[in-house]
Amino acid sequence: MKIKMPRWFYQLASPKWFYDFTGTLLPWFSVAAVLLLVVGSVWGLVFAPSDYQQGNSFRIIYIHVPSSILAQSCYMLMAVAGAIGLIWKIKIAHVVAGACAPIGASIAVMSLATGAIWGKPTWGAWWVWDARLTAMLVLLFLYIGVIALNSAFENKASADKATAILSLVGLVNIPIIKYSVEWWNTLHQPATFTVTAKPAMPPEMWMPLLVMVLGFYCFFAVILMSRARIEVLQRERRSDWVKKVIENY
Amino acid sequence: MRFFFAALKRDLLLVFRHRNDIINPLAFFLMVAVLFPLGVSPDPAFLSEVASGVIWVAALLACLLSVDGIFRSDYEDGSLEQMLVSPEPLLVLVMAKVLSHWLVSGFCLAIISPLVAMMFFLPEQGYPALILSLLLGTPTLSLMGAIGAGLTVGLRRGGVLISLLVLPLYIPVLIFGAGTVQAGAMGLPIQGYLALLGAILVFNLMLAPFAIAAALKISVRS
(Lines give C-alpha, C1' and ligand atoms only; values in the text may rest on other atoms or scores of the structure.)
Protein backbone atom coordinates (compact mmCIF):
# COMPACT_ATOMS: atom_id res chain seq x y z
CA MET A 1 0.00 0.00 0.00
CA LYS A 2 1.35 3.35 -0.91
CA ILE A 3 0.16 6.40 0.96
CA LYS A 4 0.26 9.56 -1.09
CA MET A 5 1.22 12.61 0.91
CA PRO A 6 0.80 16.23 -0.19
CA ARG A 7 3.56 17.75 -2.22
CA TRP A 8 5.01 19.99 0.48
CA PHE A 9 5.64 16.88 2.56
CA TYR A 10 8.06 15.55 -0.03
CA GLN A 11 9.53 18.99 -0.66
CA LEU A 12 10.34 19.28 3.00
CA ALA A 13 12.40 16.13 2.59
CA SER A 14 14.90 17.94 0.39
CA PRO A 15 17.67 19.33 2.59
CA LYS A 16 18.09 22.46 0.49
CA TRP A 17 14.38 23.22 0.43
CA PHE A 18 14.21 22.60 4.17
CA TYR A 19 17.13 24.94 4.74
CA ASP A 20 15.59 27.74 2.66
CA PHE A 21 12.10 27.23 4.05
CA THR A 22 13.20 27.31 7.70
CA GLY A 23 15.41 30.27 6.82
CA THR A 24 12.33 32.29 5.89
CA LEU A 25 10.36 31.07 8.91
CA LEU A 26 13.11 31.67 11.45
CA PRO A 27 12.91 35.50 11.74
CA TRP A 28 9.13 35.43 12.18
CA PHE A 29 9.32 32.85 14.92
CA SER A 30 12.18 34.67 16.63
CA VAL A 31 10.23 37.92 16.73
CA ALA A 32 7.12 36.14 17.96
CA ALA A 33 9.10 34.28 20.64
CA VAL A 34 10.74 37.42 21.98
CA LEU A 35 7.49 39.39 21.96
CA LEU A 36 5.43 36.65 23.61
CA LEU A 37 8.05 35.82 26.22
CA VAL A 38 8.61 39.46 27.17
CA VAL A 39 4.90 40.27 27.30
CA GLY A 40 4.11 37.03 29.12
CA SER A 41 6.82 37.36 31.77
CA VAL A 42 6.21 41.02 32.51
CA TRP A 43 2.46 40.43 32.64
CA GLY A 44 2.82 37.30 34.76
CA LEU A 45 5.58 38.49 37.08
CA VAL A 46 4.45 42.07 37.62
CA PHE A 47 0.82 42.66 36.76
CA ALA A 48 -0.91 39.37 37.53
CA PRO A 49 -2.49 39.32 41.00
CA SER A 50 -0.65 37.33 43.64
CA ASP A 51 -2.18 34.11 44.92
CA TYR A 52 -4.14 34.40 48.16
CA GLN A 53 -2.49 31.28 49.60
CA GLN A 54 0.95 31.16 48.06
CA GLY A 55 1.60 34.86 47.68
CA ASN A 56 4.14 35.71 45.06
CA SER A 57 5.84 32.31 45.04
CA PHE A 58 3.17 30.98 42.70
CA ARG A 59 4.57 33.17 39.91
CA ILE A 60 7.08 30.49 39.01
CA ILE A 61 4.10 28.81 37.40
CA TYR A 62 4.74 31.04 34.40
CA ILE A 63 7.95 29.14 33.73
CA HIS A 64 7.15 25.79 35.29
CA VAL A 65 3.93 24.97 33.46
CA PRO A 66 5.08 25.96 29.95
CA SER A 67 8.30 23.99 30.31
CA SER A 68 6.42 20.93 31.58
CA ILE A 69 4.01 21.05 28.66
CA LEU A 70 6.81 21.60 26.21
CA ALA A 71 8.95 18.75 27.57
CA GLN A 72 6.12 16.35 26.83
CA SER A 73 5.22 17.65 23.41
CA CYS A 74 8.89 17.69 22.46
CA TYR A 75 9.12 13.96 23.12
CA MET A 76 6.02 13.44 21.03
CA LEU A 77 7.51 15.43 18.17
CA MET A 78 10.76 13.50 18.45
CA ALA A 79 9.00 10.15 18.23
CA VAL A 80 6.70 11.21 15.41
CA ALA A 81 9.60 12.68 13.43
CA GLY A 82 11.52 9.46 14.00
CA ALA A 83 8.56 7.43 12.76
CA ILE A 84 8.28 9.61 9.64
CA GLY A 85 11.98 9.10 9.05
CA LEU A 86 11.65 5.34 9.39
CA ILE A 87 8.55 4.99 7.25
CA TRP A 88 9.27 7.39 4.41
CA LYS A 89 13.07 7.22 4.76
CA ILE A 90 13.31 10.99 5.04
CA LYS A 91 16.63 12.12 6.44
CA ILE A 92 15.35 15.55 7.43
CA ALA A 93 12.88 13.92 9.81
CA HIS A 94 15.78 12.18 11.53
CA VAL A 95 17.62 15.49 11.73
CA VAL A 96 14.62 17.07 13.42
CA ALA A 97 14.26 14.13 15.80
CA GLY A 98 17.93 14.33 16.68
CA ALA A 99 17.65 18.04 17.34
CA CYS A 100 14.66 17.46 19.63
CA ALA A 101 16.45 15.19 22.09
CA PRO A 102 18.89 17.61 23.78
CA ILE A 103 16.35 20.43 23.76
CA GLY A 104 13.72 18.21 25.32
CA ALA A 105 16.13 16.98 27.97
CA SER A 106 17.09 20.51 28.99
CA ILE A 107 13.46 21.59 29.10
CA ALA A 108 12.64 18.59 31.28
CA VAL A 109 15.49 19.60 33.61
CA MET A 110 14.09 23.12 33.69
CA SER A 111 10.65 21.81 34.54
CA LEU A 112 12.05 19.67 37.36
CA ALA A 113 14.22 22.49 38.68
CA THR A 114 11.43 25.04 38.73
CA GLY A 115 9.19 22.40 40.27
CA ALA A 116 11.73 21.85 43.05
CA ILE A 117 12.12 25.58 43.65
CA TRP A 118 8.35 25.94 43.78
CA GLY A 119 8.00 22.90 46.02
CA LYS A 120 10.30 24.24 48.71
CA PRO A 121 8.06 27.11 49.90
CA THR A 122 4.73 25.40 49.22
CA TRP A 123 5.34 21.79 50.30
CA GLY A 124 8.38 22.43 52.48
CA ALA A 125 10.60 20.06 50.53
CA TRP A 126 12.66 20.26 47.37
CA TRP A 127 11.51 16.90 46.20
CA VAL A 128 8.28 15.07 46.79
CA TRP A 129 7.52 11.65 45.34
CA ASP A 130 4.51 13.05 43.65
CA ALA A 131 3.20 11.21 40.61
CA ARG A 132 3.67 14.11 38.23
CA LEU A 133 7.19 14.88 39.39
CA THR A 134 8.19 11.26 39.10
CA ALA A 135 6.66 10.96 35.65
CA MET A 136 8.65 14.00 34.52
CA LEU A 137 11.82 12.47 35.96
CA VAL A 138 11.17 9.29 34.01
CA LEU A 139 10.65 11.38 30.89
CA LEU A 140 14.07 12.92 31.51
CA PHE A 141 15.54 9.41 31.81
CA LEU A 142 13.96 8.50 28.47
CA TYR A 143 15.55 11.55 26.89
CA ILE A 144 18.92 10.63 28.39
CA GLY A 145 18.60 7.13 26.96
CA VAL A 146 17.83 8.50 23.50
CA ILE A 147 20.78 10.90 23.62
CA ALA A 148 23.13 8.19 24.88
CA LEU A 149 22.08 5.76 22.16
CA ASN A 150 22.35 8.40 19.48
CA SER A 151 25.91 9.29 20.42
CA ALA A 152 27.01 5.66 20.76
CA PHE A 153 26.78 4.87 17.04
CA GLU A 154 29.53 5.89 14.69
CA ASN A 155 27.40 5.45 11.61
CA LYS A 156 24.91 8.32 11.37
CA ALA A 157 22.30 6.39 9.42
CA SER A 158 22.04 3.57 11.95
CA ALA A 159 22.15 6.04 14.85
CA ASP A 160 19.12 7.78 13.32
CA LYS A 161 17.14 4.60 12.89
CA ALA A 162 18.06 3.16 16.28
CA THR A 163 17.05 6.32 18.12
CA ALA A 164 13.83 6.48 16.14
CA ILE A 165 12.93 2.97 17.28
CA LEU A 166 13.87 3.74 20.86
CA SER A 167 11.83 6.93 20.96
CA LEU A 168 8.84 5.12 19.49
CA VAL A 169 9.13 2.39 22.11
CA GLY A 170 9.31 5.14 24.73
CA LEU A 171 6.28 6.91 23.28
CA VAL A 172 4.22 3.74 23.47
CA ASN A 173 5.32 3.21 27.07
CA ILE A 174 4.81 6.77 28.33
CA PRO A 175 1.08 6.35 29.02
CA ILE A 176 1.73 3.05 30.83
CA ILE A 177 4.49 4.63 32.92
CA LYS A 178 2.38 7.65 33.72
CA TYR A 179 -0.59 5.55 34.72
CA SER A 180 1.48 3.17 36.81
CA VAL A 181 3.27 5.99 38.62
CA GLU A 182 -0.05 7.59 39.48
CA TRP A 183 -1.30 4.25 40.75
CA TRP A 184 1.87 3.73 42.82
CA ASN A 185 1.59 7.16 44.32
CA THR A 186 -1.92 6.64 45.58
CA LEU A 187 -0.74 3.35 47.04
CA HIS A 188 2.35 4.49 48.87
CA GLN A 189 1.50 8.01 49.78
CA PRO A 190 -1.71 8.53 51.67
CA ALA A 191 -2.41 12.23 51.88
CA THR A 192 0.82 13.49 53.40
CA PHE A 193 0.73 16.27 50.91
CA THR A 194 -2.67 16.96 49.56
CA VAL A 195 -2.03 18.76 46.35
CA THR A 196 -5.60 19.98 46.41
CA ALA A 197 -7.40 20.41 43.16
CA LYS A 198 -6.33 23.65 41.63
CA PRO A 199 -8.78 26.44 42.32
CA ALA A 200 -10.02 27.67 38.99
CA MET A 201 -7.65 30.46 38.11
CA PRO A 202 -9.05 33.86 37.32
CA PRO A 203 -8.39 35.09 33.79
CA GLU A 204 -5.84 37.65 34.99
CA MET A 205 -3.74 34.70 36.06
CA TRP A 206 -4.14 32.26 33.20
CA MET A 207 -3.99 34.76 30.35
CA PRO A 208 -0.29 35.49 30.90
CA LEU A 209 0.25 31.74 31.31
CA LEU A 210 -1.26 31.16 27.91
CA VAL A 211 0.99 33.83 26.42
CA MET A 212 3.99 32.19 28.05
CA VAL A 213 3.05 28.76 26.71
CA LEU A 214 2.77 30.15 23.19
CA GLY A 215 6.05 32.01 23.69
CA PHE A 216 7.77 28.81 24.83
CA TYR A 217 6.51 27.00 21.75
CA CYS A 218 7.83 29.73 19.46
CA PHE A 219 11.14 29.73 21.32
CA PHE A 220 11.31 25.96 20.97
CA ALA A 221 10.61 26.25 17.24
CA VAL A 222 13.44 28.77 16.87
CA ILE A 223 15.97 26.60 18.67
CA LEU A 224 14.81 23.46 16.91
CA MET A 225 15.07 25.04 13.49
CA SER A 226 18.48 26.51 14.21
CA ARG A 227 19.86 23.21 15.45
CA ALA A 228 18.32 21.31 12.53
CA ARG A 229 19.73 23.82 10.03
CA ILE A 230 23.24 23.46 11.41
CA GLU A 231 22.91 19.68 11.36
CA VAL A 232 21.70 19.81 7.74
CA LEU A 233 24.67 21.93 6.75
CA GLN A 234 27.02 19.55 8.45
CA ARG A 235 25.50 16.45 6.90
CA GLU A 236 25.31 17.94 3.41
CA ARG A 237 28.72 19.58 3.60
CA ARG A 238 29.86 17.91 0.42
CA SER A 239 27.02 19.20 -1.75
CA ASP A 240 27.27 22.29 -3.90
CA TRP A 241 24.47 24.30 -2.37
CA VAL A 242 26.05 24.12 1.08
CA LYS A 243 29.34 25.37 -0.32
CA LYS A 244 27.44 28.25 -1.90
CA VAL A 245 25.65 29.03 1.37
CA ILE A 246 28.92 29.14 3.23
CA GLU A 247 30.67 31.26 0.60
CA ASN A 248 27.82 33.79 0.63
CA TYR A 249 27.68 33.91 4.38
CA MET B 1 6.83 -23.71 14.55
CA ARG B 2 9.59 -26.26 13.91
CA PHE B 3 11.96 -23.39 13.39
CA PHE B 4 10.87 -21.90 16.71
CA PHE B 5 11.63 -25.10 18.60
CA ALA B 6 14.89 -25.63 16.74
CA ALA B 7 16.06 -22.13 17.67
CA LEU B 8 14.87 -22.55 21.24
CA LYS B 9 16.59 -25.92 21.57
CA ARG B 10 19.82 -24.52 20.20
CA ASP B 11 19.82 -21.60 22.61
CA LEU B 12 19.02 -23.73 25.63
CA LEU B 13 21.69 -26.23 24.62
CA LEU B 14 24.23 -23.43 24.38
CA VAL B 15 23.24 -22.25 27.83
CA PHE B 16 23.57 -25.72 29.33
CA ARG B 17 27.03 -26.04 27.86
CA HIS B 18 28.02 -22.81 29.63
CA ARG B 19 26.40 -23.41 32.97
CA ASN B 20 27.72 -20.12 34.31
CA ASP B 21 25.17 -18.31 32.17
CA ILE B 22 22.43 -19.75 34.38
CA ILE B 23 24.23 -19.40 37.66
CA ASN B 24 25.57 -15.87 37.23
CA PRO B 25 22.22 -13.99 37.20
CA LEU B 26 20.98 -16.06 40.12
CA ALA B 27 24.11 -15.41 42.17
CA PHE B 28 23.84 -11.74 41.28
CA PHE B 29 20.20 -11.74 42.42
CA LEU B 30 21.17 -13.23 45.79
CA MET B 31 24.09 -10.85 46.28
CA VAL B 32 22.12 -7.71 45.50
CA ALA B 33 19.44 -8.83 47.94
CA VAL B 34 22.06 -9.49 50.63
CA LEU B 35 23.44 -5.98 50.25
CA PHE B 36 20.26 -4.42 51.63
CA PRO B 37 20.32 -5.90 55.15
CA LEU B 38 24.05 -5.21 55.28
CA GLY B 39 23.70 -1.66 54.06
CA VAL B 40 20.51 -0.59 55.78
CA SER B 41 19.38 -2.68 58.72
CA PRO B 42 19.02 -6.38 59.65
CA ASP B 43 15.91 -5.66 61.70
CA PRO B 44 13.24 -8.27 60.77
CA ALA B 45 10.39 -5.81 60.98
CA PHE B 46 12.13 -3.43 58.59
CA LEU B 47 13.18 -6.21 56.23
CA SER B 48 9.71 -7.69 55.96
CA GLU B 49 8.41 -4.24 55.13
CA VAL B 50 10.86 -3.62 52.27
CA ALA B 51 11.06 -7.26 51.11
CA SER B 52 8.68 -6.86 48.18
CA GLY B 53 10.54 -3.91 46.73
CA VAL B 54 14.03 -5.25 47.33
CA ILE B 55 13.34 -8.65 45.83
CA TRP B 56 11.76 -7.09 42.77
CA VAL B 57 14.58 -4.59 42.28
CA ALA B 58 17.15 -7.38 42.63
CA ALA B 59 15.27 -9.56 40.14
CA LEU B 60 15.00 -6.65 37.73
CA LEU B 61 18.74 -5.95 37.91
CA ALA B 62 19.55 -9.62 37.46
CA CYS B 63 17.40 -9.73 34.32
CA LEU B 64 19.03 -6.58 33.06
CA LEU B 65 22.49 -7.99 33.65
CA SER B 66 21.84 -11.10 31.61
CA VAL B 67 19.81 -9.51 28.82
CA ASP B 68 22.89 -7.90 27.32
CA GLY B 69 24.14 -11.31 26.24
CA ILE B 70 20.93 -12.38 24.54
CA PHE B 71 22.19 -11.62 21.02
CA ARG B 72 25.83 -10.84 21.64
CA SER B 73 27.54 -14.18 21.11
CA ASP B 74 25.46 -14.85 18.00
CA TYR B 75 26.38 -11.43 16.71
CA GLU B 76 30.06 -11.90 17.37
CA ASP B 77 30.40 -15.25 15.65
CA GLY B 78 28.27 -14.13 12.73
CA SER B 79 25.41 -16.57 13.20
CA LEU B 80 22.97 -13.74 13.86
CA GLU B 81 23.65 -12.41 10.39
CA GLN B 82 22.98 -15.84 8.91
CA MET B 83 19.70 -16.01 10.83
CA LEU B 84 18.70 -12.61 9.46
CA VAL B 85 19.33 -13.58 5.86
CA SER B 86 17.65 -16.98 6.23
CA PRO B 87 14.13 -17.30 4.80
CA GLU B 88 12.69 -18.11 8.23
CA PRO B 89 10.68 -15.27 9.78
CA LEU B 90 12.75 -13.08 12.07
CA LEU B 91 9.89 -12.61 14.53
CA VAL B 92 9.85 -16.34 15.29
CA LEU B 93 13.57 -16.35 15.93
CA VAL B 94 13.25 -13.32 18.19
CA MET B 95 10.49 -14.97 20.18
CA ALA B 96 12.55 -18.13 20.61
CA LYS B 97 15.52 -16.15 21.85
CA VAL B 98 13.43 -14.14 24.29
CA LEU B 99 11.77 -17.29 25.58
CA SER B 100 15.10 -19.02 26.12
CA HIS B 101 16.41 -15.94 27.94
CA TRP B 102 13.35 -15.89 30.15
CA LEU B 103 13.63 -19.60 30.97
CA VAL B 104 17.21 -19.06 32.07
CA SER B 105 16.73 -15.78 33.96
CA GLY B 106 13.19 -14.88 35.00
CA PHE B 107 11.88 -18.39 35.43
CA CYS B 108 14.84 -19.48 37.57
CA LEU B 109 14.61 -16.27 39.59
CA ALA B 110 10.97 -17.00 40.33
CA ILE B 111 11.93 -20.47 41.53
CA ILE B 112 14.66 -19.32 43.92
CA SER B 113 12.84 -16.18 45.04
CA PRO B 114 11.25 -17.89 48.11
CA LEU B 115 14.79 -18.36 49.43
CA VAL B 116 15.40 -14.62 49.44
CA ALA B 117 11.87 -14.00 50.70
CA MET B 118 12.68 -16.21 53.69
CA MET B 119 15.85 -14.24 54.39
CA PHE B 120 13.78 -11.07 54.31
CA PHE B 121 11.09 -12.44 56.65
CA LEU B 122 8.34 -11.97 54.09
CA PRO B 123 5.06 -13.21 55.60
CA GLU B 124 4.34 -16.67 54.29
CA GLN B 125 1.06 -15.71 52.69
CA GLY B 126 3.05 -13.47 50.34
CA TYR B 127 4.99 -16.34 48.75
CA PRO B 128 2.43 -17.27 46.08
CA ALA B 129 2.09 -13.60 45.17
CA LEU B 130 5.87 -13.30 44.86
CA ILE B 131 6.25 -16.32 42.62
CA LEU B 132 3.23 -15.49 40.47
CA SER B 133 4.23 -11.85 40.05
CA LEU B 134 7.76 -12.84 39.03
CA LEU B 135 6.42 -15.43 36.60
CA LEU B 136 4.11 -12.88 34.99
CA GLY B 137 6.40 -9.86 35.21
CA THR B 138 9.82 -11.15 34.19
CA PRO B 139 8.81 -12.14 30.62
CA THR B 140 8.03 -8.46 30.06
CA LEU B 141 11.49 -7.60 31.37
CA SER B 142 13.04 -10.06 28.91
CA LEU B 143 11.01 -8.64 26.01
CA MET B 144 11.84 -5.01 26.75
CA GLY B 145 15.44 -5.86 27.54
CA ALA B 146 15.72 -7.60 24.20
CA ILE B 147 14.76 -4.33 22.47
CA GLY B 148 17.67 -2.64 24.22
CA ALA B 149 19.96 -5.57 23.50
CA GLY B 150 18.99 -5.49 19.84
CA LEU B 151 19.71 -1.78 19.60
CA THR B 152 23.11 -2.04 21.28
CA VAL B 153 24.38 -5.40 20.04
CA GLY B 154 26.50 -3.79 17.33
CA LEU B 155 28.17 -1.43 19.76
CA ARG B 156 31.34 -2.32 21.56
CA ARG B 157 30.24 -1.09 24.94
CA GLY B 158 26.60 -1.99 25.21
CA GLY B 159 26.51 -2.87 28.90
CA VAL B 160 25.92 0.48 30.57
CA LEU B 161 24.00 1.88 27.65
CA ILE B 162 21.44 -0.91 27.73
CA SER B 163 20.53 -0.11 31.33
CA LEU B 164 20.03 3.56 30.44
CA LEU B 165 17.69 2.58 27.63
CA VAL B 166 15.72 -0.10 29.37
CA LEU B 167 15.46 0.83 33.06
CA PRO B 168 12.88 3.62 32.58
CA LEU B 169 10.72 1.18 30.67
CA TYR B 170 10.91 -1.33 33.54
CA ILE B 171 9.23 1.04 35.99
CA PRO B 172 5.60 -0.09 35.47
CA VAL B 173 6.54 -3.75 35.90
CA LEU B 174 8.43 -2.93 39.08
CA ILE B 175 5.53 -0.96 40.50
CA PHE B 176 2.91 -3.59 39.81
CA GLY B 177 5.22 -6.48 40.67
CA ALA B 178 6.22 -5.10 44.05
CA GLY B 179 2.60 -4.05 44.60
CA THR B 180 1.46 -7.64 44.06
CA VAL B 181 3.88 -8.94 46.67
CA GLN B 182 2.96 -6.25 49.14
CA ALA B 183 -0.75 -6.91 48.75
CA GLY B 184 -0.18 -10.65 48.99
CA ALA B 185 1.90 -10.30 52.15
CA MET B 186 -0.88 -8.30 53.76
CA GLY B 187 -3.45 -10.90 52.76
CA LEU B 188 -5.20 -8.64 50.27
CA PRO B 189 -6.50 -9.91 46.94
CA ILE B 190 -3.84 -9.88 44.24
CA GLN B 191 -5.89 -10.69 41.16
CA GLY B 192 -6.07 -7.05 40.08
CA TYR B 193 -2.30 -6.66 40.14
CA LEU B 194 -1.74 -9.93 38.34
CA ALA B 195 -4.25 -8.85 35.70
CA LEU B 196 -2.30 -5.63 35.18
CA LEU B 197 1.02 -7.48 34.94
CA GLY B 198 -0.60 -9.87 32.49
CA ALA B 199 -1.98 -6.99 30.45
CA ILE B 200 1.46 -5.39 30.22
CA LEU B 201 2.90 -8.75 29.19
CA VAL B 202 0.31 -9.28 26.45
CA PHE B 203 0.82 -5.75 25.19
CA ASN B 204 4.57 -6.28 25.00
CA LEU B 205 4.20 -9.71 23.42
CA MET B 206 2.19 -8.00 20.72
CA LEU B 207 4.50 -5.10 19.96
CA ALA B 208 8.00 -5.77 21.29
CA PRO B 209 8.97 -8.51 18.77
CA PHE B 210 8.55 -6.02 15.93
CA ALA B 211 10.77 -3.50 17.69
CA ILE B 212 13.37 -6.17 18.46
CA ALA B 213 13.41 -7.37 14.86
CA ALA B 214 13.74 -3.83 13.53
CA ALA B 215 16.52 -3.09 16.03
CA LEU B 216 18.43 -6.23 15.04
CA LYS B 217 18.19 -5.34 11.36
CA ILE B 218 19.69 -1.93 12.05
CA SER B 219 22.44 -3.27 14.27
CA VAL B 220 23.53 -6.02 11.91
CA ARG B 221 23.54 -3.86 8.81
CA SER B 222 25.52 -1.03 10.32
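Chain A has eight helices and zero strands. Helices (DSSP runs of H or I, at least four residues) and strands (runs of E, at least two) are numbered from the N terminus. The order in chain A, from the N terminus on, is α-α-α-α-α-α-α-α.

This is a predicted model, in which local features need pLDDT of at least 70, side-chain atom pairs count only at pLDDT 80 or more, and totals for chains, interfaces and linings use all residues. Residues are numbered from 1 along each chain as its sequence is written, while chains are lettered from A and ligands numbered from 1 in the order in which they are written.

The model scores ipTM 0.89 and pTM 0.90. Chain B averages a pLDDT (the predictor's confidence in each residue, from 0 to 100) of 91.

The C-alpha trace of chain A spans about 60 × 40 × 35 Å along its principal axes. Of its 249 residues, 37% are buried, with 20 or more other C-beta atoms, placed from the backbone, within 10 Å of their own.

Now the contact between the chains. Chain A gives 24 residues and chain B gives 20 residues. Two residues are in contact if their C-beta atoms, placed from the backbone, lie within 7 Å. These elements of chain B each give two or more residues to the side that touches chain A:

| Element of chain B | Residue range |
|---|---|
| α8(B) | residues 127-152 |
| α9(B) | residues 159-185 |
| α10(B) | residues 191-221 |

α9(B) gives the most, with 10 residues. By class, this side of chain B has 18 nonpolar, two polar and no charged residues. Ala, Val, Leu, Ile, Met, Phe, Trp, Tyr, Cys and Pro count as nonpolar, Asp, Glu, Lys and Arg as charged, and the others, Gly among them, as polar.

Key. A residue is buried if 20 or more other C-beta atoms lie within 10 Å of its own, exposed if 12 or fewer, and partly exposed in between; C-beta atoms are placed from the backbone.
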